[in-house]
Amino acid sequence: RLDGELAVLWPDIGPAANWLPEVDKLRGRIDGRMQLAGTPAAPELLGRLALTEAGATLATPGLAVEDINLELVGQPTGEVQVTASARSGDGTLNGDGVLNLLERTARLAVKGTQFQVMNSPEAKIFVSPDLQLAMDSQQVKISGQIDVPRAQLRPRKLPESAVSVSPDQVLVSEAAPEAAQTPYAVDARVRLVLGEEVDIDGFGLSGKLQGNVLLVDLPAQPATATGEVSISDGRYEAYGQKLSIRTGRLLFAGGAVTKPGLDIEAVRRPAPDVLVGIKARGSIQAPRFTVFSEPSMSESARLSWLVLGRPLERGASDSERSSMQAAALML
């Protein structure tokens with residue numbers, strides 16, 4: 001039989017931040033007493049071990065997570081009851097579950113409300129998750145839903161000298177990089193729901209994002225998505241003009257999450273009786289752009305109305321003609 005006892009008192013865990021590369025500051029207290037019983041084939045942990053009064057500053061997401069509490073309570077059945085909570089921003093996150101030492105399994109439910117997960121100049125994101133995690137010796141299953149009630153996305157602007165990578169680029173190295181090895185296979189089916197306060201402003205695009213997408217990540221397969229993300233009250237700056245996004249959708253039809261389809265129209269009305277705009281169709285890797293107008297007119301006339309806001313006259317200046325040529329090349 002097993003017979004033992006573990007007594008822990010660590011009044012300040014701050015120095016442990018030196019072992020954690022993403023943690024700038026750490027504080028908290030660990031104390032408790034656990035008794036070891038049972039047999040090697042059926043071990044038992046009885047007692048309580050707790051992390052209290054804890055907080056951490058995380059470097060990459062720019063977060064100060066406060067009121068971190070974690071408690072482990074051993075049960076006579078051989079299971080360990082787990083409860084956890086934390087606060088970030090104005091929101092909270094709570095988790096509870098069970099660890100089974102004999103079967104080497106775990107079940108955990110995670111719920112939160114307005115919990116901030118990113119706080120940087122590029123992104124301020126708050127989530128309300130409702131997730132279930134189940135783990136055994138071979139895989140981790142994740143299911144549930146993550147609501148994003150509010151977010152501010154401000155992508156960095158590319159420098160003017162930035163050049164897109166050629167689509168036929170091939171990288172050759174002496175040794176192929178080995179695929180990252182993970183101890184567990186991950187089976188994830190999570191629905192992502194964007195709320196009414198998700199704003200984006202970057203790369204000339206501004207507006208509100210909304211959507212409902214089911215994300216599926218199966219072992220040894222690319223992550224897939226089903227659903228759509230749309231933009232409302234959208235504006236886009238192109239060809240020196242501010243265009244209104246009449247239709248803006250990313251369509252996910254069960255394929256790779258990195259390859260959504262496009263259904264986008266951005267328009268301007270340079271005259272009361274003229275509407276011109278750009279349509280984007282196809283995939284995000286190979287979009288097809290066209291200029292359209294109401295009423296119909298030649299392609300050069302459409303570009304002129306789009307870029308200059310009027311027909312291109314014979315006496316157009318060199319700068320105006322240069323703008324037209326640049327627009328045609330960009331298209």
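Tutor: Contact here means heavy atoms within 4.5 Å. The model is predicted.

Student: Which residues is Asn100 in contact with, leaving aside its neighbours within four places in sequence?

Tutor: Asn100 is found in strand S6, residues 91-100. With heavy atoms within 4.5 Å as the cut-off, and neighbours within four places in sequence left aside, the partners of Asn100 are Glu79 and Thr105.

Student: Is Asn100 buried or exposed?

Tutor: The cut-off for buried is under 20% relative accessible area. The relative accessible area of Asn100 is 14%, so Asn100 is buried.

Student: At what distance does the side chain of Asn100 reach the backbone nitrogen of Glu103?

Tutor: A polar contact needs a pair of N or O atoms within 3.5 Å. The side chain of Asn100 reaches the backbone nitrogen of Glu103 at 2.9 Å.

Student: Which element gives the most to the lining of the second largest pocket?

Tutor: This pocket holds about 430 Å³ of space and is lined by 25 residues, with Leu70, Val82, Ala84, Gly95 and Leu108 nearest its centre. Strands S4 (63-74), S5 (79-88), S6, S7 (105-113) and S9 (123-135) give two or more residues to the lining. The element that gives the most, with 6 residues, is S6.

Student: How many residues in that lining are nonpolar, polar and charged?

Tutor: The lining of the second largest pocket is made up of 25 residues. By class, the counts are 19 nonpolar, 5 polar and 1 charged.

Student: Where does the largest share of the largest nonpolar core come from?

Tutor: The core has 16 residues, of which Tyr239, Leu243, Val274, Trp305 and Leu306 touch the most other members. Two or more residues come from each of strand S15 (261-271), strand S16 (274-282), helix H1 (299-307) and helix H2 (318-330). The largest share, 4 residues, comes from H1.

Student: Which residues of H1 are buried?

Tutor: Buried means under 20% relative accessible area. Just after H1, Gly309 takes a positive phi of about 80 degrees. Within H1, the buried residues are Leu303, Ser304, Trp305, Leu306 and Val307.

Student: Is Arg268 buried or exposed?

Tutor: Arg268 has its place in strand S15. Beyond four places in sequence, Arg268 is in contact with residues including Leu243, Val274, Trp305 and Leu306. Its relative accessible area is 17%, so Arg268 is buried.

Student: Which side chain does a polar contact of 3.4 Å join to that of Arg268?

Tutor: The cut-off for a polar contact is 3.5 Å between N or O atoms. The contact of 3.4 Å joins the side chain of Arg268 to that of Gln241.

Student: Where does Gln75 lie, and which residues is Gln75 in contact with beyond four places in sequence?

Tutor: Gln75 lies in the loop between S4 and S5. With a relative accessible area of 28%, Gln75 is partly exposed. Beyond four places in sequence, the residues in contact with Gln75 are Leu45, Leu46 and Gln81.

Student: How far apart in space are Gln75 and Val98, C-alpha to C-alpha?

Tutor: In sequence, Gln75 and Val98 are 23 residues apart. In space, their C-alpha to C-alpha distance is 9.9 Å.

Student: What percentage of the residues of the chain count as buried?

Tutor: The secondary structure comes to 2 helices and 17 strands. Among contacts with a separation of 6 or more, residues 24 or more positions apart account for 42%. Of the 331 residues of the chain, the share that counts as buried is 29%.

Notes:
Residues numbered from 1 in each chain as written. Predicted model: local features only at pLDDT ≥ 70, side-chain atom pairs only at ≥ 80, totals over all residues. Heavy atoms only, no water. Buried < 20%, exposed > 50% of the residue type's maximum accessible area, 1.4 Å probe, protein only. Polar contact = N/O pair within 3.5 Å; in protein donor to acceptor, adjacent residues only side chain to side chain. 1 Å grid on protein atoms, 1.4 Å probe; cavity = no way out; pocket = protein on both sides within 12 Å on 5 of 7 lines; lining within 4 Å. Points joined across faces, edges and corners; volume = space filled by probe spheres on them. Nonpolar A, V, L, I, M, F, W, Y, C, P; charged D, E, K, R; others polar. Core = buried A, V, L, I, M, F, W, Y, C linked by side-chain atoms within 4.5 Å.
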